[in-house]
Every structure is written in structure tokens, then in C-alpha cells.
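Have the model open while you read.

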Amino acid sequence: EIKYVAIYLSPFSKHEPNRKKREVYYQVKKELLQRRIVSQVIDYKKLESKIDNFVYELTNISLALLAKLDGVPWQLTLQPKRELVIGVGAFKNVQDDISYVASAFSFMNNGKFNEFEYSTKADTDQLAGAICDAIDRFVKIENNPDKVVIHFYKSMSKKEMDPILEKMNMLKLECPLYIVSINKTKSEDLIAFDADWQGKLMPKSGTFIKISKNEYKYLLFNNSRYDGVDKYPHNDGYPFPIKLRITSPNEGAMNDTAMIRKLIEQVYQFSRLYWKSLRQQAVPVTIKYPEMVAEIAPHFGTDIPPYGKKRLWFL
């Protein structure tokens, strides 16, 4: 029952311009995972340049190490419910000409990570299969869920949704399915300001605004401005809000306004579960973690070692 972790002082970072050298970073991670060892890579040049203040880097490293070893740095103060949350995110590396790959992450409602799968964007059936497998495993352990929530990095197409509905029907699940499409806004996109906050304009974290009369579309602000905070930490930046679009294929599911609010709050709560840094993220881990895996996975070749699909080794 011993768990091992490797601390690797690397001469090459994952942003190394030389492609051959850059691949060493990924291959070391893969070789260790195949031996059931998670790793923490430390860029030696970064260590050398920040040696006098490296204690600040160690804070984030300690968080990531704890999570990689199945620890829980912090979690949501919610009672666990029979509720499955699946996050699907994607990444495209234009420089390396790596096409989109998507990852499907499975979580409990309190943020407890279950496991994940990943596939290419073009393979809709494989991605749907990964989502269906997550539902199937949940049902075998927890019985029928109260609801299934999918956080998707874009609007989900009918082709992507149909296999999931078929699986739920096959399992005779009577719970509703909610799809929350989560998109990062761009500088020319919709934005909002708080004109009453000392001229600093940043809306309070957790603020959400409905932006469509006919659809359930919202702007959600994730930042470091909380209740009782007069000074905004400028180092945390001024992130743009994210756009949410909530839909359900189940008749009458969207009539529950309290449920819609809970779904928005859930997106916000999952934004606080980022275990790579103390800084709150603008997007929830249901989208952020899959994106991180999708960035690394193509460098592994055929597939991620099975041990890695139940661990947060990529933090």
C-alpha cells in the first residue's frame, strides 16, 4: 500500500523551444506512471532564478503533491449526494499541430474526483462512450443518481448527446440530465462592471447575470473579490467572466428555477477546487482539469497508463 512520488529536477521545461528536448518532460512523466509513480517536475532554471523566494513556489508544489498522492487539500462543505458531475474539456496545440483532444472527468457533487478518460475531438462515439461509462460505474456503486450534470466546453450537439440518452434509458434512469456549456469570453465579448465598488469596476466573485430572454444564458464572474474585501489583489489579474448556457433534454426540467440557480452555483464552487495553486480559477476544474490532460496526453503516444486515469498526476 506504499505510494511513491518522484521529484524530478528537469533541465527542460514543458515550454522548451527545442521539440526533442521538450519531449523529455513528457516521456519522464509517462515512464513513471507506467510504474505507478506520480511525479512533480521542477524546472531547474526556474528554481535557480527564484532560489531566494522559492518558498512561495513550494506552497503550490505542496498542494499539487498532496492531491497527486490522493490527498484532499480542501473540498466543498456539501453533504455527498447521489449526483454525478462529468466535465469535458479540450485543448488544441497549434504549434505542435496536435488537433483537439477531449477528456471526460467524473466527480461527485462535493468535488471528489472519481476518474477520467480522454479521446480525440473527432471521435464523438469514443467521447460519448467515456461519459456513458462514467454513468454506468456510478450506478453500480451509488444506484440511481438524483441527476446527471455534464459541464461541456462548448454547446453539445445532438450527435454527442444521443448516445448518452440511450445509455440512460438502457439503465432505466429516470433522473434529469442537465448540460451546462461553459465558454471563456473574449475581450470583444459581453462584459459587465460594478460601478459602485470604489471605482474599481470588478463585480464580486460569484456574481451571475442573465444575458438572454429566450435561453438560459448567463455571465458568471470568478475572481478574488469576496465579501468584506476592500482591496483587490492586483496580482490575481482581472479575469473576464465565463459564459454559461444551461439546457436539458428532459421535459419540464428547466422549469425549476431553484435548480438552475444551484447549477450556476455548482459551476462557481467547482472553480474553487483547483489544487495546483491557491489562486481561484476563472473556469471550474470540470473544464480546467480535462483541458490540462488534453494538452499532455498526445505526447504520451497511444494512451495514458491505466494507473494515471484515477490520479491527478497532471497537476
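Helix α3 (55–68) gives the largest pocket the largest share of its lining, 7 residues. Helices and strands here are DSSP runs (H or I, at least four residues, for helices; E, at least two, for strands), numbered from the N terminus. This is a predicted model, where local features need pLDDT of at least 70, side-chain atom pairs count only at pLDDT 80 or more, and totals for chains, interfaces and linings use all residues. Residues are numbered from 1 along each chain as its sequence is written, and side-chain values use heavy atoms, with hydrogens and water left out.

Back to that pocket. Along with α3, the elements α1 (19–34), β2 (37–43) and α7 (285–296) each supply at least two lining residues. The pocket holds about 860 Å³ of space, and of its 31 lining residues, K14, Q40, V41, K46 and K276 lie nearest the centre. The lining splits into 14 nonpolar, 6 polar and 11 charged residues.

The largest has a volume of about 50 Å³, with F107, G111, F113, L273, W275, V285, Y289 and L312 around it. That lining is 7 nonpolar, 1 polar and no charged.

As for terms, both kinds of space come from a 1 Å grid over the protein atoms alone: in a cavity a 1.4 Å probe fits but cannot get out, a pocket is an open set with protein on both sides within 12 Å along at least five of seven lines, and lining residues have an atom within 4 Å of a point. Points are joined across faces, edges and corners, and a volume is the space filled by probe spheres set on them.

Now the cysteines. The whole structure has 0 disulfides, a disulfide being a pair of cysteine sulfur atoms within 2.5 Å.

D70 sits in the loop between α3 and β3 (83–93), K172 in the loop between α5 (158–170) and β7 (177–184).

| Residue | Relative accessibility | Class |
|---|---|---|
| C132 | 8% | buried |
| C175 | 8% | buried |
| D70 | 35% | partly exposed |
| K172 | 67% | exposed |

Conventions
Nonpolar A, V, L, I, M, F, W, Y, C, P; charged D, E, K, R; others polar. Buried < 20%, exposed > 50% of the residue type's maximum accessible area, 1.4 Å probe, protein only.
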